[in-house]
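Thanks for sending this one over.

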Amino acid sequence: MLLKRYVVLAERCTACQRCLAVCPVGAIELSEAGIPEIQIAKCRRCGACKKICSQQAIINRVKLRF
Ligand code: SF4
Ligand code: SF4
């Protein structure tokens with residue numbers, strides 16, 4: 001099974017919070033350091049956060065799961 005998972009690369013993130021504003025299901029929360037974290041259980045994998053991020057700080061990782 002292929003699993004697509006969106007993750008934030010903290011080293012690229014400028015904490016602009018645009019991804020938080022655009023997520024339709026509120027799946028992105030801020031860490032204590034102010035870096036967004038995508039809650040996998042809530043994420044619908046729509047890709048909106050990745051699209052809006054000008055830093056390319058959000059990537060999707062595809063994982064193989066058996
Ligand atoms: S849109 Fe990109 S740079 Fe801005 S807070 Fe989200 S991940 Fe960070
Ligand atoms: S992929 Fe869509 S649902 Fe998931 S965190 Fe990004 S904007 Fe929210």
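1. Start with Cys 19. Setting aside neighbours within four places in sequence, Cys 19 is in contact with Ile 28, Pro 36, Cys 49, Ile 52, Cys 53 and Ile 58; contact here means C-beta atoms, placed from the backbone, within 7 Å. Cys 19 sits in helix 1, residues 18-22 (helices are DSSP runs of H or I with at least four residues, strands are E runs of at least two, and both are numbered from the N terminus).

2. Is Cys 19 buried or exposed? Buried, because 23 other C-beta atoms lie within 10 Å. The cut-offs: 20 or more other C-beta atoms within 10 Å of a residue's own is buried, 12 or fewer is exposed, in between is partly exposed, with C-beta atoms placed from the backbone.

3. Some housekeeping. This is a predicted model, where local features need pLDDT of at least 70 and side-chain atom pairs count only at pLDDT 80 or more, while totals for chains, interfaces and linings use all residues. Residues are numbered from 1 along each chain as its sequence is written, and chains are lettered from A and ligands numbered from 1 in the order in which they are written.

4. Cys 19 also belongs to the largest nonpolar core, 11 residues in all, with Cys 23, Cys 49 and Cys 53 also among them. Such a core is a set of buried Ala, Val, Leu, Ile, Met, Phe, Trp, Tyr and Cys residues joined through C-beta atoms within 7 Å. Beyond four places in sequence, Cys 23 is in contact with Ile 28, Ala 48 and Cys 49.

5. Now the ligands. Around ligand 1 there are 14 residues, and Cys 13, Cys 16, Cys 19, Cys 53 and Ala 57 come nearest (near means a backbone-placed C-beta atom within 6 Å of the molecule). Ligand 2 is surrounded by 14 residues, the closest being Cys 23, Cys 43, Cys 46, Ala 48 and Cys 49.

6. By class, the ligand 1 shell has 10 nonpolar, 3 polar and 1 charged residues, and the ligand 2 shell has 11 nonpolar, 1 polar and 2 charged. Nonpolar covers Ala, Val, Leu, Ile, Met, Phe, Trp, Tyr, Cys and Pro; charged covers Asp, Glu, Lys and Arg; the others, Gly among them, are polar.

7. Two backbone angles to look at. Arg 45, not a glycine, has a positive phi of about 60°, and lies in the loop between strand 3 (36-38) and helix 2 (48-52). Gln 56 has phi near 50°, again positive in a residue other than glycine, and lies in the loop between helix 2 and strand 4 (58-64).

Key
Two residues are in contact if their C-beta atoms, placed from the backbone, lie within 7 Å.
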